[in-house]
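Start with the structure itself.

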Amino acid sequence: MDLFILGIAEIFQWRILLIILVGVIVGILAGLIPGFTVAMAIVLTLPLTFGMDPVSGVAAMVGVFVGGMSGGLITAALLGIPGTPSSIATTFDAYPMAQKGEPGKALSIGIWASFLSSIISFILLVSIAPQISKFALMMGPWEMFSLIVVSLTIIASVTGDSIIKGLIAGLFGILIATVGADPISGISRFSFDLQTLRAGIPFLVVLIGMFAISRLLVSLERKELDKDDAKRAEEKLKDVQFVLRPIHTMLTVLKKPGTLLGSSAIGAIIGAIPGAGGSIANIVAYDQAKKWSKNPEKFGTGCEEGVIASEAGNNSTVGGDLIPTVALGIPGSAVTAVLLSALMVHGITPGPLLIVNEPNIVGGIFFAFLVASFWMLITQFLGMRYFMKVTQVPVQILVPVILVLCVIGTFVLNNRFTDLYILLVMGFIGYLFTKYNFSLAPAIIGVILGPIAEVNLRRAVMADPEWTLFLTRPISLTFLILAILSILFTAWQNYRTNYRLKKNIS
């Protein structure tokens with residue numbers, strides 16, 4: 001409660017409230033454009049926060065996060081095209097409902113489910129994060145290193161179709177983090193006598209390159225296909241007539257408390273697992289709601305429960321995602337990795353001590369999340385008709401604008417032209433990752449967690465060179481066992497899936 005009161009004092013200013021509102025609008029616009037992810041939007045927002053104070057900067061990005069998670073609903077319901085990967089399951093029932101002549105109902109139910117699930121995950125965030133942080137303060141460098149190991153294995157396991165590719169991406173991120181000055185001795189390493197690399201590879205340049213530039217390259221590759229999609233979308237939107245009935249649909253959602261609470265809990269739990277994200281929560285929440293429903297046969301035909309479950313599942317991941325981010329300094333996704341990097345730019349060190357050392361920042365994050373949820377509700381209902389028009393913007397206009405923003409954001413970071421070369425290289429690497437189905441999230445999170453893992457490993461060895469301490473300290477051993485189990489479990493799942501596919505083909 002003390003953190004929440006501090007958050008109110010920090011956020012409840014007209015300037016910051018407006019910043020959050022703008023962030024929510026930007027997030028919604030990013031979420032409804034197919035192929036333009038929330039992570040990409042928040043990466044482009046990051047350079048704009050350099051001139052802000054830490055609370056304002058983080059509040060803006062929280063607004064983008066909340067708005068982006070709900071923005072995918074619009075195209076999912078009206079066009080049957082998920083604006084973001086976290087809206088895939090939303091198309092299963094929202095689009096059939098719209099096809100039946102009830103697009104307003106589909107949108108309204110989705111908006112209320114998004115809002116109410118955000119409030120539920122906010123309560124979980126405020127309740128759980130401080131307790132986890134207190135527990136983390138009892139851990140030494142051995143436990144912190146083992147925790148990061150298990151986080152990296154979970155990220156590699158739940159992102160992408162192949163655990164091997166996930167691990168390779170994570171290790172690539174760690175490799176990038178080792179370039180530059182040694183964190184303990186300060187000696188330059190892996191720079192190959194290149195002046196450009198002696199200062200290291202800036203994390204934000206890696207982030208912008210791999211997430212934004214790579215997406216632009218993919219968009220250019222799909223230019224003709226995108227033109228066809230835009231034409232079809234324009235044709236569909238011409239005849240869309242809808243009436244939003246906020247009060248009626250709110251009561252509809254509240255009449256399904258089991259679906260709302262269950263899907264919100266699933267989303268928050270999955271969001272707290274590093275690397276899982278809204279796309280997994282969206283599908284799992286929908287699947288579980290269908291299994292527990294009294295009328296599972298109605299799912300996929302325009303069912304109200306299906307829309308509630310899918311939207312509650314993906315939006316509640318925001319609060320869950322922030323739990324390990326605030327409590328442990330471990331990003332739950334690429335989006336919160338950017339949020340942590342914003343804190344580091346302002347000289348604030350993430351980790352278990354964040355709540356102790358910077359309670360106003362943590363309280364600001366809590367209250368900004370709550371405010372952003374209310375702004376999202378109001379903005380979605382008032383601006384729905386205008387947001388739809390953004391889906392008709394051609395890709396040949398979006399790509400140059402985004403490219404300019406990427407270049408400017410990269411240059412202003414350190415005022416170095418050499419960073420632009422690194423940006424292009426990272427963009428090309430990110431493009432190759434995307435083309436060959438390597439997930440980008442493990443690589444990005446590996447860049448952040450790599451230095452933390454190295455520092456804690458070095459501290460543990462310097463304190464006591466006996467390596468068996470990683471196995472004899474109970475908490476450290478537990479984390480390492482979980483890391484092994486996560487790899488084995490994912491390998492078993494992949495084997496079972498491949499076996500079933502082969503069996504069905506034969």
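Predicted model: local features only at pLDDT ≥ 70, side-chain atom pairs only at ≥ 80, totals over all residues.

S264 touches S117, I120, A312 and S316, leaving out residues up to four places away in sequence. S264 sits in helix α13, which spans residues 257–272. Is S264 buried or exposed? Its relative accessibility is 1%, so S264 counts as buried, the cut-off being under 20%.

S133 belongs to helix α6, residues 103–136. With a relative accessible area of 2%, S133 is buried too. Neighbours within four places in sequence aside, S133 is in contact with A327, P352 and I355. P324 lies 191 residues from S133 along the chain, yet their C-alpha atoms are separated by 8.8 Å.

| Residue | Helix | Relative accessible area |
|---|---|---|
| S264 | α13 (residues 257–272) | 1% |
| S133 | α6 (residues 103–136) | 2% |

Now the pocket. The second largest pocket has a volume of about 1200 Å³. Its lining comprises 49 residues. Nearest the centre of this pocket lie M344, P350, I448, P451 and I452. Several elements give two or more residues to the lining, among them α7 (141–158), α10 (203–221), α17 (334–345) and α20 (395–414). Strand β1 (180–181) is also one of these elements.

Which element gives the most to the lining of the second largest pocket? Helix α22 does, with 9 residues. By residue class, the lining divides into 33 nonpolar, 11 polar and 5 charged residues.

Note on methods: Residues numbered from 1 in each chain as written. Heavy atoms only, no water. Helix = DSSP H or I, 4+ residues; strand = E, 2+ residues; numbered from the N terminus. Buried < 20%, exposed > 50% of the residue type's maximum accessible area, 1.4 Å probe, protein only. Contact = heavy atoms within 4.5 Å. 1 Å grid on protein atoms, 1.4 Å probe; cavity = no way out; pocket = protein on both sides within 12 Å on 5 of 7 lines; lining within 4 Å. Points joined across faces, edges and corners; volume = space filled by probe spheres on them. Nonpolar A, V, L, I, M, F, W, Y, C, P; charged D, E, K, R; others polar.
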